[in-house]
Each structure stands twice: as C-alpha cells, then as structure tokens.
Amino acid sequence: MMRRFFTTFNVFLFCSLVCAGGVLVLLQARADTEVTLPVVEFVDGHTVTPTDVYYLAVAVDEALVTLHNLHTEFTKPRISDTIRPPDVFERVVLLAEEFNTVHRGVLGQTAIDPEVLVAFKDVPLYAEPQPKHVYSVLNLMRTALEDRGVFVEYDGIRSPKQPSDVFQVLREISAHHVEILDRGIAIPWNQPKRVYETNLFEMYTILKYYADREGVTVPDFTFPEEPEPNIQPRHVYQVQLELYEGLTALIVRDNPEYQPVIFHSVEELGTIEPGDVFDLTRIILSELKRFVGEAPPPSSELVDKYLNWEFGRNAVVPGDVYKLVSFNSTIVEALLTHAR
C-alpha cells in the first residue's frame, strides 16, 4: 500500500562524505512537494512482523555479499536483547543513507531517492514507528539491488525474530558497507569522528534544547584543546551507558510505565570499536527523541565552531568523544537535579 503525504521539510543532514580531507559537509535539503512514501503494510497477507523484517534484512545482506564478493564474517555480539521498533527504525534510515553512499552512481545519482529518505526520517510523522516502517526502508534497498540483478528472496527455514535480532542484522549490513568502501577510499563510519558528530549535532543539541525548555541553565559546550588521555572506545561506551542511566531516570519521572532498554555490559561485548559506540548512541538517541519530541537542528554557530576545531586536529580520537559524552552527561545530571 502506498501512502501519500504533503510535507515541507527544511532538514539539515550532517554526514562525513568522501572528499578532500574527509571534512564534515553540511547538506541542506529543501522541498515543498508531495512525497510518496512506499509503506508496505502487509507481507503474504499478514501485517509486517519483526520476523519479516529480519529475513528481508538477511536477504539484503546476502545480496551485498554477492554483489561485492565479500568474505568477512560479522561476529560482533549483540549490544541489547530489548531493542524496540523505533530504535531499529532510527538505525535503518541511516543504513539506507549509507547504502546510497556505497552505491553512488555517475553524476552523483543515488540508489534510493534521498527525498523519500528524508520523509521517512521525519520522525514526527510516525510517533511510534512499527516493523512495517523498518521493512519499507529495507524494501527501498531491495529494489535497488533487484535493479542490479543480485537480490534473491530468503528461502530457508524461518523462526520467530524480535527487533533486537533485526538490529543485529542491520549492524552486519553496516559493517559490510564499511568493508566495501575500505577497498577504495576510507570513510569515517567506524571511526571516532562519526560518534563525535552524532553526539554533538544530535545528542548535545537535543539535550541543550530540552534543558532550555525546562528552564535549566547549562553552559554551552566548548571544544577542549586536548582529548582525555588513555581513552579507548570501551571507555566511551561505558560513559554513554551511564548517560542513558540518567536519561532513564528522567523519562521514568514523566512516564512511570517506561521500560528502559537493557544493554549488555562492556565486559560482555569483548572488543569494542567506534562503530559499536555509534550503534549504542543511535538507540539512546531514539529513546531520547521519543521522550523530548522534535528539536531544532544544530545552530550554524555550533557547526562553524566544530569545523574550526576539527580543522586544527590530525584526527578526532576516543578521548575527544569521551569529553563530549561526559559533558552531555552533566546536562542530564542538571536536569535530574532540577527535577528533584
């Protein structure tokens, strides 16, 4: 079933593109058009379930393996067994954007219409995204792979799956995206820079907006000259988990029925890379967005300050991310103090 929406969007998309120096590029999309969202309501006569989404994602991944002759096995443990559909939806839209970067054609054409992706990304459109929305975004990837003649439906034995199972396959597809691009020019998807930009332009911006809305005075973030020393991705992962603990207390204050996502500990996950921290951050962002609601995009002043700061560094390192996430945690702590 196709749904039609009249949307006006003025969306700032922040992404690290493959370009000279790997600098952050600010993209602004503007449209006042009727956007057709290809929402798949039913599969084989029934409402879309996480099981349907899971096996579509597996088929998409297998098509990528075939198309690009991949050999690396994804062995990362799951970061949680209690991930919800909105959290999966948050990740799958970004995965489709990654897919467009991987499969960018001549003259910059993309495999998936970016306006459709922006419309899907308009979170207020779906207060509670469901498996059908995740399925529909994956279906855009399937169509692009069908056009290349490599997509084959999964025809093996099926068993019931949950959103956490789906999220894990999305992580595998993303890892394959990184592998594909690493054969040519590296893109910072499994690097601290991507984690930093997500925590700055989304996490910090939303938390600062929420603090201002609640009348809680918090200082603006200032870019430290030096990173926190001796920091590894696992340390950033841990402080991000601690931020979520405080955020959970905030959410429960206003929504006593809220059931937090239960994440596995750092010790259970083995080797942690920036990509693992990124996936954790995306889930926390999804929970935060549903709690706070729509927030404004980051200011041009913040973007300029970041670009100037980043330009003067050899690279963004885990110690930089650690300082930013720690600062975001102080905003959560200030909100909790105010709530008492």
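The 20 lining residues of the second largest pocket comprise nine charged, six polar and five nonpolar residues. The model on display is a predicted one.

Begin by selecting Phe74, Arg171, Ala175, Asn190 and Glu273, the lining residues that lie nearest the centre of this pocket. The space within the second largest pocket amounts to about 370 Å³. Next, colour helices α5 (163-182) and α9 (274-292), the elements that each give two or more residues to the lining. Of the elements, α5 contributes the most, with six residues.

In soluble globular proteins, nonpolar side chains tend to be buried together.

Keep Phe120 in view and display helix α3 (residues 114-121), where the buried residues are Val116, Leu117, Val118, Ala119 and Phe120. At the start of α3, show the side chain of Asp113: one of its oxygens comes to within 2.9 Å of the backbone nitrogen of Glu115.

Finally, move to the loop between β2 (24-37) and β3 (42-43) and select Glu41. Is Glu41 buried or exposed? Its relative accessible area is 9%, under the 20% limit, and Glu41 therefore counts as buried.

Methods: Residues are numbered from 1 along each chain as its sequence is written. This is a predicted model: local features need pLDDT of at least 70, side-chain atom pairs count only at pLDDT 80 or more; totals for chains, interfaces and linings use all residues. Side-chain values use heavy atoms; hydrogens and water are left out. On a 1 Å grid over the protein atoms alone, a cavity is a set of points where a 1.4 Å probe fits but cannot get out, and a pocket is an open set with protein on both sides within 12 Å along at least five of seven lines; lining residues have an atom within 4 Å of a point. Grid points are joined across faces, edges and corners, and a volume is the space filled by probe spheres set on the points. Helices (H or I, at least four residues) and strands (E, at least two) are DSSP runs, numbered from the N terminus. Ala, Val, Leu, Ile, Met, Phe, Trp, Tyr, Cys and Pro count as nonpolar, Asp, Glu, Lys and Arg as charged, and the others, Gly among them, as polar. Buried means under 20% relative accessible area, exposed over 50%, partly exposed in between (1.4 Å probe, protein chains only). A polar contact is a pair of N or O atoms within 3.5 Å; within protein, one must be able to donate a hydrogen and the other to accept it, and residues adjacent in sequence count only if both atoms are side-chain atoms.
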